[in-house]
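Thanks for coming. Please have a look at the sequence and the model on the screen, and then I will go through a few places in turn.

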Amino acid sequence: MDNPSKITEGGVEYSLGKFDGKSVLYDFDQILIYLNAKGKLLFGKNFRIYDEDTVIIRKLCYYFIKDKENCQKEGIDPDKGILLSGPVGCGKTTLMKLLRHIVPMQRPYEMIPCRNVAFSFNHLGFKTIEEYGSTKFFCFDDLGVEPAGRFYGKDLNVMGEVLLSRYELYLKTKHKIKTHATTNLNAEELEERYGNRVRSRMREMFNLIAFDKGAGDKRK
């Protein structure tokens, strides 16, 4: 079996911890070194891990590496997906694109902007809801700011319907098919956007991991 604690990027081997033949004992400092290097490869040489984000990154790492003990301490359920919330530009999308690389043995999820889902519905109709209710793993990016859906004069809260489909799938597969999302909205705004029913399903589907409200815009 390959050693899952070692990942090679651009000809350089990075160690994420120690592998005893059965499981990996991860080292958070080594994971950060790898994430910094991988981030530069994915997003350009100006990418860097910000000190103030390490608390969030640590929680996400516990989740992705399935560190049950620390997940329990942080109130994270490994059987649920991640809802990463925070102000515009704080780095949510970047982190969700990046963190999946620390567990190359796990099935990857696809990043899908929510506005693309809404545009797809406007073009293709209900086939879109079926497509995103399929057994693929998705992370829906920028939940709550997508335009309303309209197909042949029928208005639809597209992402609300997609989330309900994903919830049914989550139950049917006994929590094996998870969904992740990023959002700039808080709980009240999400409820206003999608209604109480979708919001209560989201509580069952997602672990909420939130940036501080004052987190700065890193794109400036």
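I start with Asp20, which is exposed because its relative accessible area is 58%. For that word and its relatives, buried means under 20% relative accessible area, exposed means over 50%, and partly exposed is in between, with a 1.4 Å probe and protein chains only. Asp20 sits in the loop between strand 3 (17-19) and strand 4 (24-26). Its C-alpha atom is 9.6 Å from that of Ser5, and the two residues are 15 apart along the chain.

A note on the basis of all this: the model is predicted, local features need pLDDT of at least 70, side-chain atom pairs count only at pLDDT 80 or more, and totals for chains, interfaces and linings use all residues. Residues are numbered from 1 along each chain as its sequence is written, and side-chain values use heavy atoms, with hydrogens and water left out. Helices (H or I, at least four residues) and strands (E, at least two) are DSSP runs, numbered from the N terminus.

Next, the hairpin. Strand 1 (residues 6-9) and strand 2 (residues 12-15) run antiparallel and are joined by four bridges; strands pair if DSSP finds at least two bridges between them. Which residue of strand 2 is the bridge partner of Thr8? That is Glu13. Two residues lie between the strands of this hairpin, and Gly10 in the turn has a positive phi of about 55 degrees.

Lys66 has phi near 60 degrees and is found in the loop between helix 2 and helix 3. Lys66 counts as partly exposed because its relative accessibility is 48%. Asp142 has a positive phi of about 65 degrees, but Asp142 lies in a strand, strand 7 (residues 138-143). At 32% relative accessibility, Asp142 counts as partly exposed too.

Now the helices. Helix 1 (residues 28-43) packs on helix 2 at an angle of about 105 degrees, with the axes 11 Å apart. Axes are lines fitted to C-alpha atoms, for helices over the stretch in contact, and angles run from 0 to 180 degrees between N-to-C directions. So helix 1 is roughly perpendicular to helix 2, a label that covers 65 to 115 degrees. Phe28, Ile31, Leu32 and Leu35 of helix 1 make the contact with Thr54, Ile57, Arg58 and Cys61 of helix 2, where contact means heavy atoms within 4.5 Å. These residues divide into six nonpolar, one polar and one charged. Here Ala, Val, Leu, Ile, Met, Phe, Trp, Tyr, Cys and Pro count as nonpolar, Asp, Glu, Lys and Arg as charged, and the others, Gly among them, as polar.

Helix 2 (residues 54-64) also packs with helix 4 (residues 92-99), at about 35 degrees and with axes 11 Å apart. From helix 2, Ile56, Ile57, Leu60, Cys61 and Phe64 meet Leu95, Met96 and Leu99 of helix 4. That contact has eight nonpolar residues, no polar and no charged ones.

Last, two buried residues. Asn70, in helix 3 (residues 68-74), counts as buried because its relative accessibility is 19%. Ser85, in strand 5 (residues 81-85), counts as buried at 10%. Leaving aside neighbours within four places in sequence, the contacts of Ser85 include Lys92, Thr183 and Phe211.

Notes:
Angles under 35 degrees count as roughly parallel, over 145 as roughly antiparallel, 65 to 115 as roughly perpendicular and the rest as oblique.
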